[in-house]
Amino acid sequence: MKDVELKEVDQEKQLMTGQTQINGCVKVTVPENAGVKYTGLSKDELIKIASTAGWVRTRWVLLVLFWFGWIGMLAGAIVIIVQAPRCKPIPEMNWWNEGPLYQISDVNEFSENGLKGVEEKLDYINQMKVKGLVLGPIHTVQADQSSTLELTSINPEFGSESQLISLLDRAHRKGISIVLDLTPNYEGVSAWFNNAASVAERLKEACVYWLNKGVDGIFLSHLNDIANTEAWPSVQGIFNKTDGTKKRALMGSVTGLSADDASHLLNQSSVDLLLTGLPDPAEPGIRQAQVIQILYADHLQTSLGWSLSGRTLGSLASRTPAAPIRLYQMLLFTLPGTPVFSAGDEVGLKAGEKLEAMWDLESQADDDNATAKTVQEERTAVCDFFKALSDLKGKERSLLHGEYISLHSSPTSLAFLRLWDQSERFLVALNWGNDSVTMTLTYSDLPAEARVRASTDTENLAVDSKVSVEKLELGPKQAVLLSYAFPG
């Protein structure tokens, strides 16, 4: 209990209780818990009120609104799913379709330590985003003497079988596959001793032997010689067997065939990858565009290999002396299929230059030797350009497996588009002529401007800058790779 004093002015408002009045004030004793306690409605009262017509109608209205809202959201989601553009299924890709291949025809020239030296250079190779090495030939044979052919024996000049196994193991740990070149008479006049059928059985035995050792594929040059024999189906059958592991590849190369003949050979042989030596850099751009279109139209791009260099063709720089090597690096990296380069192509080595010159880039050139320093800077720039293109090839879907659309061709220039579904599009333009060209390019989704991703003319077409696409200007002996977003 507590005492409360009320002023006289408030007395009329108070209930007189007969308590003692002192000096005009009334002292009232008020219980401390005199406040009213709210207990709410009882269960019976709630049930009674909930059963009234007003509350019943309200509940039904809210229930109907809830279901209408839920059904509306469901219908909206279905409409969005139905009307949304469907993504194309990714085509089946094998390891040789995921980036460039790198040919090392002479392992001793590549490294003074032969196969062991190749293993020591795997970090360098891995920096170029290479997906596979094509080695050799490294087997034992004396030129033009088929009786000396031992396809399952490694020439001691190149190394030993244990060194090859070690190379395989380390390369696989880095995600690099190894393809062995088993071209029989690689140092002789005729690659197949003028009688491919005579060595077919030894070839089959060697394929089985090396595949069981962990080799990821077999490469055969002058493929048309062996593919026209009765033994070919049994050779091919070795690679059709699968045990659920990584697919083993059968690859080949030909030179001197027309696009139509090369296309026929690819159909006949059914190899996993064929290098045709096309398009010929010496031919006009219009003809090069026709050759590319013939091969692309008749075959899956997963079986198309693009290479302008090799044991019989020579280096890329020596085949394309009239144009900067970077121009043809860009062409090979952006065509629909697998780019294949020979050791030294990444730095622009010319005919007669030793592969050991590549390793000079690892050390600083003498400042007093202006010529050597200039050469080193140029080769480093070429190699950096190569790496940038290889990186784009490996991660951009349009370049990996996108459609090929020809946009422009002239005797000295070429332009085409690579696109895949809703992925970023890539536009390639090349001019190997002595004069500037202005290309008028048209396609349904071409924007007014596109972003430069790679360029041989960094002064006028700087990387990441925006350039006009409708009237694309390209200087003499220059190339540019542009990209733009899917317009949808």
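Start with a total: the structure holds 14 salt bridges. The model is predicted. Side chains of opposite charge can pair when their charged atoms come close.

**Stop 1: D123 and R170.** Select both side chains. They form a salt bridge, with the closest N and O atoms 3.7 Å apart. D123 sits in helix α5 (residues 122–127) and R170 in helix α6 (residues 161–173), so the bridge ties together parts that are 47 residues apart in sequence. D123 is partly exposed, at 38% relative accessibility. R170 is partly exposed too, at 23%. D123, R170 and K174 are linked in a network of salt bridges.

**Stop 2: D280 and R319.** Here is another salt bridge, 3.6 Å from N to O. This pair also links distant parts of the chain, 39 residues apart. Look for D280 in the loop between β11 (273–275) and α11 (285–298). R319 is in helix α12 (residues 316–319). Both ends are partly exposed: D280 has 25% relative accessibility, and R319 has 22%.

**Stop 3: K204 and E201.** Select these side chains next. Their salt bridge spans 2.8 Å, N to O. Both residues belong to helix α7 (residues 200–212), 3 residues apart, or about one turn of the helix. An α-helix has 3.6 residues a turn, so residues three or four places apart point the same way. Is K204 buried or exposed? K204 counts as buried because its relative accessibility is 16%, and the cut-off for buried is under 20%.

**Stop 4: the whole of α7.** Select residues 200–212. The helix has 13 residues and reaches 19 Å from its first C-alpha to its last, close to the expected 18 Å.

Which residues of α7 are buried? Colour A200, L203, K204, A206, C207, W210 and L211. They cover an arc of only 165° around the axis, so they lie on the same side of α7. Then turn the view. On the other side of α7, E205 and N212 are exposed.

**Stop 5: the neighbours of α7.** Show what the buried residues pack against. The strands here are β7 (145–154), β8 (177–181) and β9 (217–221). The helices are α6, α8 (223–227) and α9 (232–240).

**Last stop: G214.** Step just past the end of α7. G214 takes a positive phi of about 110° there.

Notes. Residues are numbered from 1 along each chain as its sequence is written. This is a predicted model: local features need pLDDT of at least 70, side-chain atom pairs count only at pLDDT 80 or more; totals for chains, interfaces and linings use all residues. Side-chain values use heavy atoms; hydrogens and water are left out. A salt bridge is a side-chain nitrogen of Lys or Arg within 4 Å of a carboxyl oxygen of Asp or Glu. Helices (H or I, at least four residues) and strands (E, at least two) are DSSP runs, numbered from the N terminus. Buried means under 20% relative accessible area, exposed over 50%, partly exposed in between (1.4 Å probe, protein chains only). The expected span of a helix is 1.5 Å times one less than its number of residues. The arc is that of the directions from the helix axis to the C-beta atoms. Contact means heavy atoms within 4.5 Å.
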